[in-house]
Amino acid sequence: MPDHVDQILEQWAEQRPDLDASPMAIIGRLKRLAQLADNELRRNFARHDLDAASFDVLATLRRSNAEHSLTPAGLMRSSMVTSGAITQRLDRLEARGLVSRKPSETDGRGVQVTLTAAGRQLIDGVLPTHLDTEERLLAGLSKPERERLADTLRALLESLGDKTD
């Protein structure tokens, strides 16, 4: 069944038959998928008075170690939040009592960011609804299809230099 991206490809084939627009079949669908997924995830986060970046910071702290504590640099490496967003995000989360910042015991200039009890309670409450949302978004794929897609996307990301430290 043709989709929106197929229509775009047909239009380019008519208007510019000299170009191979086939990369748009993948990139266009990835972009549309990301928009649909972001909208659904954003809606779920809003029900918990969070945004995606705040959720990511809280989730990163929750899964990171037994102390649920990292440096701001460690948060950047372990999360999907940019360096410019970290300070602003931490300010907001600290103001809400969800994280605390304390001087590092090992580095006099450093800071440790720690998930508070309220932050842990919030992320523990949001995580199940987040996973339910992701499950619903992927419901159209079988388990083997999901595994193949995850492997393919991992390979593409690695080919673009997106690797863990």
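## Exercises on helices and strands

Helix H2 (residues 23-47) has 25 residues and spans 36 Å from its first C-alpha to its last, close to the 36 Å expected at 1.5 Å a residue. Helices (H or I, at least four residues) and strands (E, at least two) are DSSP runs, numbered from the N terminus, and the expected span of a helix is 1.5 Å times one less than its number of residues. This is a predicted model, where local features need pLDDT of at least 70, side-chain atom pairs count only at pLDDT 80 or more, and totals for chains, interfaces and linings use all residues. Residues are numbered from 1 along each chain as its sequence is written, and side-chain values use heavy atoms, with hydrogens and water left out.

**Exercise 1.** Find which residues of H2 are buried and what covers them.

*Solution.*
- Start with the residues: Ala25, Ala37, Leu41, Asn44 and Phe45 are buried (under 20% relative accessible area; exposed is over 50%, partly exposed in between; 1.4 Å probe, protein chains only).
- Next, look at the cover, which includes helix H1 (4-15), H3 and helix H6 (117-137).
- Finally, step just past H2, where aspartate 49 takes a positive phi of about 60°.

**Exercise 2.** Work out how helix H3 (residues 52-64) and helix H5 (residues 83-95) cross.

*Solution.*
- Their axes come within 10 Å and cross at roughly 80°. Axes are lines fitted to C-alpha atoms, for helices over the stretch in contact, and angles run from 0 to 180 degrees between N-to-C directions.
- H3 and H5 are therefore roughly perpendicular to each other (65 to 115 degrees; under 35 is roughly parallel, over 145 roughly antiparallel, the rest oblique).
- On the H3 side, Ala53, Ser54, Val57 and Leu58 make the contact, and on the H5 side Ile86, Arg89, Leu90 and Leu93 do; contact means heavy atoms within 4.5 Å.
- Now check burial: the buried residues of H3 include Ala53, Ser54, Val57 and Leu58.

**Exercise 3.** Locate histidine 68 and describe its surroundings.

*Solution.*
- Histidine 68 sits in the loop between H3 and strand E1 (69-70).
- Its relative accessible area is 11%, so histidine 68 is buried.
- Leaving out residues up to four places away in sequence, histidine 68 touches Leu61, Arg62, Val113, Thr114, Leu115 and Arg120.

**Exercise 4.** Trace the partners of strand E3 (residues 111-115).

*Solution.*
- E1 is joined to E3 by two bridges, and the two run antiparallel; leucine 70 stands opposite valine 113 in E3.
- Strand E2 (residues 99-103) is joined to E3 by five bridges, also antiparallel, with lysine 102 opposite glutamine 112.
- Strands pair if DSSP finds at least two bridges between them.
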